[in-house]
Amino acid sequence: MSLNLLDAIKNEVSSTVIDKISNYLGESRGNTSNAITAAIPAILAFFSEKSRTESGASSLINLATDSNLLNLFSGNSFTDVFEKNRDSLMSKGNSMLIDLFGDKEAKLSQEISNYANIGKESSDGILASILPLIMSVLGNRISGDGLNASSLLGLFDNQRDSIFSAIPAGLAGLGGVLGLSNWGDRVADQVAATTTRVTDTVRDAVDTTRTHVREEKEHFDNNNDNGGGFMKWLLPLLGIIAALALLWFLMQKCNDDKKVTEPATTTQTHDVEMDHDATVTAPAANIRGEYDEANNRFVYDRGADREITFPDGTSIIVGDNSTEWKLFDFISNDANTVSDDKTQGWITLDRVYFETGSNKLTAESKAQLDNIAAIMKAYPNAKAKFGGYTDNAGSDDINVPLSNDRAIAVMNDVVNTGIDAARVEAEGYGAQHFVCPANDTPACMAQNRRVDIRVTSK
């Protein structure tokens, strides 16, 4: 018997791919997992509703059986596709989001963002990543079972309850956003069921406690002429009852508020090294700072001042949210190890800027690069790589060389302060690996124009 759609999709969302997506978006792993596992049933619920009309079912069939989509996943796990064809995956996802959801997409993304406590841009990125997977699973089911518009409706009707019940209670507003039939009744049923469970459990606990109290009272009445013994026992018991009742309600609230469990996987996946290093710094929603419109750059919030003290006793003052602090903390803390996964450990240089269209560093960039050099001098075994990136304006013929020249310019500046050239390397990747996936506003694009650093050994 075939797995239902929900389980078949979850089985593709391995622990490894969650790590990849969370690293790419710069969100915590837990929040990313919450968002993904909420998005899957939400999207399927919308498809269930859409399949109720012949035109809606037909559009689902056409998009899900698109040869380009199915070829993208043919013989490849979701992890492989995200690692090796992420740009194609997300481009396909963005296109399908518009085709399927229209103006509902922005509202769906905001609901997921609010629920999982992630940025709106990160929510957009997750939807663009996960939708092609969902559609490919659906497409394979349609092709394998020979489904038409009518039988597709039957498929969703049979799985409707399991799909809707998988949507977290924290997304109660989703029904109105997506136009889901009887959503309000389903939410009310969930609340009523929860209330009944709590009431029944508490009632059982109280009844059991009353029985114990009555039995113990009889025991004390028969064996202890001094009634004080019973009261000494009863008062602590009542306290225990109250504590148990409170614990139950807190546990129930935790269960209601819990957003997802870890997506299941039935196969062991392995990391596949990319053809180039991918940066994984924080996305727009998580980055602290603001867009400087006058200079067309993003000004990062470096945080409160703090002192870095090196092994030789010298020190520098940096911000507690700055590149320097993150780099120093990674190198100096023995608990931090360099991952073999080249998507790990990248840090954006948050005060390095270039003149427009050029690899010439601005004067204010010098201060941070001097600090980077000071940290590397203090830890002579450390090696690092600089990665250069652009936004999506312009062609690859321009962006890749420009990003490479900028990464090299940063590397050379550090070398010129006395760092051995053998300890550093540089490479440009052009308009790849956006930290702000939407890349559709000046502020977002400004964050994508950057140079990152990754410790390659320490």
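1. Ground rules. This is a predicted model, in which local features need pLDDT of at least 70 and side-chain atom pairs count only at pLDDT 80 or more, while totals for chains, interfaces and linings use all residues. Residues are numbered from 1 along each chain as its sequence is written, and side-chain values use heavy atoms, with hydrogens and water left out.

2. The overall picture. The protein has 17 helices and eight strands; helices (H or I, at least four residues) and strands (E, at least two) are DSSP runs, numbered from the N terminus. Of its 458 residues, 46% are buried, where buried means under 20% relative accessible area, exposed over 50%, and partly exposed in between (1.4 Å probe, protein chains only). Take the contacts (heavy atoms within 4.5 Å) with a separation of 6 or more: 73% of them are between residues 24 or more positions apart.

3. Helix H2. Have a look at residues 15–25: nine of the eleven residues of H2 are buried, so this helix is largely enclosed by the rest of the structure. Thr16, Val17, Ile18 and Lys20 are among the buried ones, as are Tyr24 and Leu25. The cover over them includes helices H3 (29–50), H6 (78–84), H7 (86–101) and H9 (120–145). After H2 comes glycine 26, with a positive phi near 75 degrees.

4. H3 against H8. Two packed helices are described by the angle between their axes and the distance between the axes. For H3 and helix H8 (residues 104–116), the axes come within 9 Å and cross at roughly 145 degrees; axes are lines fitted to C-alpha atoms, for helices over the stretch in contact, and angles run from 0 to 180 degrees between N-to-C directions. On the H3 side the contact involves Asn31, Asn34, Ala35, Ala38, Ala39, Ala42 and Phe46, and on the H8 side Lys104, Leu108, Ile112, Tyr115 and Ala116. These residues divide into nine nonpolar, two polar and one charged. In that count Ala, Val, Leu, Ile, Met, Phe, Trp, Tyr, Cys and Pro are nonpolar, Asp, Glu, Lys and Arg are charged, and the others, Gly among them, are polar.

5. The sheet. Four strands form an open sheet in the order E5-E8-E6-E7, with mixed pairing (two strands pair if DSSP finds at least two bridges between them). Its edge strands are E5 (346–348) and E7, each pairing on one side only. The twist averages 25 degrees from one strand to the next. E5 and E8 run antiparallel, joined by three bridges, and tryptophan 346 sits opposite arginine 454 in E8. Helix H14 (residues 323–332) lies across E5 and E8, at about 10 degrees to E8.

6. Strands E1 (residues 289–292) and E2 (residues 297–300) pair antiparallel over four bridges, with glycine 289 opposite tyrosine 300. Four residues lie between the strands, and asparagine 296 in this hairpin takes a positive phi near 50 degrees. Asparagine 321, in the loop between strand E4 (315–319) and H14, has its C-alpha 9.0 Å from that of tyrosine 300, 21 residues away in sequence. Asparagine 321 is buried, with a relative accessible area of 17%, and beyond its neighbours within four places in sequence, its contacts include Arg288, Asp301 and Asp350.

7. Two positive phi values. Most residues other than glycine have a negative phi. Asparagine 117, in the loop between H8 and H9, has a positive phi near 60 degrees and is exposed at 57% relative accessible area. Histidine 433, in the loop between E7 and helix H17 (442–448), has a positive phi of about 55 degrees, but is buried at 4%.
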